[in-house]
Amino acid sequence: MCEEQNFYAIADIQAKILPGVTHWQSPNFFGYYPSNSSIAGFLGEMMSAGLNVVGFSWITSPAATELEMIVLDWFGKMLKLPEEFLSAGKGGGVIQGSASEAVLVVLLAARDKILRRVGKNSLEKLVLYASDQTHSALQKACQIGGIHPENCRLLRTDSSTDYALSPNVLNEAISDDVTSGLIPFFLCATVGTTSSTAVDPLLELGKIAKSNEMWFHVDAAYAGSACICPEYRHYIDGVEEADSFNTNAHKWFLTNFDCSVLWIKDRNALIQALSTNPEFLKNKASQANLVVDYKDWQIPLGRRFRSLKLWMVMRLYGLENLQSYIRNHINLAKHFEELVAQDPRFEIVTPRLFSLVCFRLLPPHNDETCATKLNHGLLDAVNSTGKIFASHTVLSGKYLLRLAVGAPLTEERHVNAAWKLLQDEASALLATL
């Protein structure tokens, strides 16, 4: 009976579920940013599901806490993060569910830290800063954290800085706000923005944050993984000025979703903002401050044994193989960029960084009025074939196609096939004009 039920369950998955799945692990998936999985990550996920511990405090499963501390120190050393971010000092790392959760918890820590200094009645005066390319998760964090929407300064960027945040623009905004009696308290910089992989100048921004006693957070959700390669490490130069740093291992580090890694220099800032200590959770180790209780570093109480999958990825692949994996995707993106550059009907709009190419089909006779409709139609046409999946963005009013290389099985032949499809659909579209 059980065998028959299993047969029908599998048949239903094939007939009813899989046809409605967008296959993020397909070698032809080029949309958004990658969400990597691997055999190592899957094995770790399977072990986590089998053990099914709820490791909110050290005593609930000591290995879950201690392994997380160890592997995040390993990862931090791969990235050459300052020692203040490692667990031996006052800081350390913690696995969050997403970069959205990471920016929320550090914003709450920063909010409470500044309010202890200026008084709780000053909440309405708090102002935060980021570029207009910053992920929308920051705005959601503001809503949850009680920061007034009008005090969320998303400063304009343009092609003159390749859509990175200008220190001069930031300085001017801070000066205006201070003059108006407001209190700057939080700055979020991005390494690898969602739209175009823009990289904010961390060192300059960090110095501005320090001089204004602001919390400085670095969101490197996508591109942070690339910085384990020495030739890309310079993109996070200036991270020593940051109070917190985040990257998503589940994007480009062969670790199954979810695994967003947050490092912080002062763990007490998180604990003071997020800690609760009801009687039923009290225990000797926690009361004596001998251990880390990750429940106080996050929003929920419960947490999964996510460090197992990151541990398995690091053990089974090792640093050199992970570096080669990332370099291969970047080289494939370079190859795609070269293909686009050879076709005069297309335009590469922003410089390629990492493994993303932003481009568009040029409108006939340079008629910009039809450019958006044309490229929207091209994206719909290629995605409707089911052969590839790509996505889009808008920069300086231009509707652009994004092709992000990052699926574990993608090879040059898949990139070539994607380009051939784009060319064919572009020809068909242009023929109707």
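Student: Which residues form one aromatic cluster?

Tutor: Tyr33, Tyr222, Tyr232, Tyr235, Trp252 and Phe354 form one aromatic cluster. Rings of Phe, Tyr and Trp (its six-membered ring) pair if their centres lie within 6.5 Å, and planes under 30 degrees apart count as stacked, over 60 as edge-to-face and the rest as tilted. This is a predicted model, in which local features need pLDDT of at least 70 and side-chain atom pairs count only at pLDDT 80 or more, whereas totals for chains, interfaces and linings use all residues. Residues are numbered from 1 along each chain as its sequence is written, and side-chain values use heavy atoms, with hydrogens and water left out.

Student: How many aromatic pairs does a search of the whole structure find?

Tutor: The search finds 18 aromatic pairs. One of them joins tyrosine 33 and tyrosine 222, a stacked pair at 3.9 Å centre to centre with 5° between the planes. Tyrosine 33 lies in the loop between helix 1 (2-17) and helix 2 (39-51), and tyrosine 222 in the loop between strand 5 (215-219) and strand 6 (244-248), so this pair ties together parts that are 189 residues apart in sequence. Helices (H or I, at least four residues) and strands (E, at least two) are DSSP runs, numbered from the N terminus.

Student: And is tyrosine 222 buried or exposed?

Tutor: Tyrosine 222 counts as buried because its relative accessibility is 1%, where buried means under 20% relative accessible area, exposed over 50% and partly exposed in between (1.4 Å probe, protein chains only). Tyrosine 222 also pairs with tryptophan 252, and since the ring centres are 4.9 Å apart and the planes at 10°, that pair is stacked. The pair links distant parts of the chain, 30 residues apart, with tryptophan 252 in helix 8. Tryptophan 252 is buried at a relative accessible area of 0%, and tyrosine 33 is buried at 6%.

Student: Switching topic, what does UniProt place at Lys251?

Tutor: The UniProt record, an unreviewed entry, places the feature "modified residue: N6-(pyridoxal phosphate)lysine" at Lys251; UniProt positions are given in the numbering used here, feature names are shortened, and annotations may be inferred rather than shown by experiment. Lysine 251 lies in helix 8 (residues 249-252) and counts as buried because its relative accessibility is 18%.

Student: What is lysine 251 in contact with, leaving aside its neighbours within four places in sequence?

Tutor: Lysine 251 is in contact (heavy atoms within 4.5 Å) with Tyr33, Pro34, Ser35, Asn36, Ala221 and Tyr222.

Student: What is the lining of the largest pocket like by class?

Tutor: By class, that lining has 12 nonpolar, 15 polar and 3 charged residues. Ala, Val, Leu, Ile, Met, Phe, Trp, Tyr, Cys and Pro count as nonpolar, Asp, Glu, Lys and Arg as charged, and the others, Gly among them, as polar.

Student: How many cavities of 30 Å³ or more does the structure hold?

Tutor: The structure holds 2 cavities of 30 Å³ or more. The largest cavity has a volume of about 50 Å³, and the residues that line it include Trp24, Tyr33, Pro34, Ser35 and Asn36. Its lining has 6 nonpolar, 5 polar and no charged residues. The second largest cavity has a volume of about 30 Å³, and strand 11 (residues 398-404) gives the largest share of its lining, 3 residues.

Terms used. 1 Å grid on protein atoms, 1.4 Å probe; cavity = no way out; pocket = protein on both sides within 12 Å on 5 of 7 lines; lining within 4 Å. Points joined across faces, edges and corners; volume = space filled by probe spheres on them.
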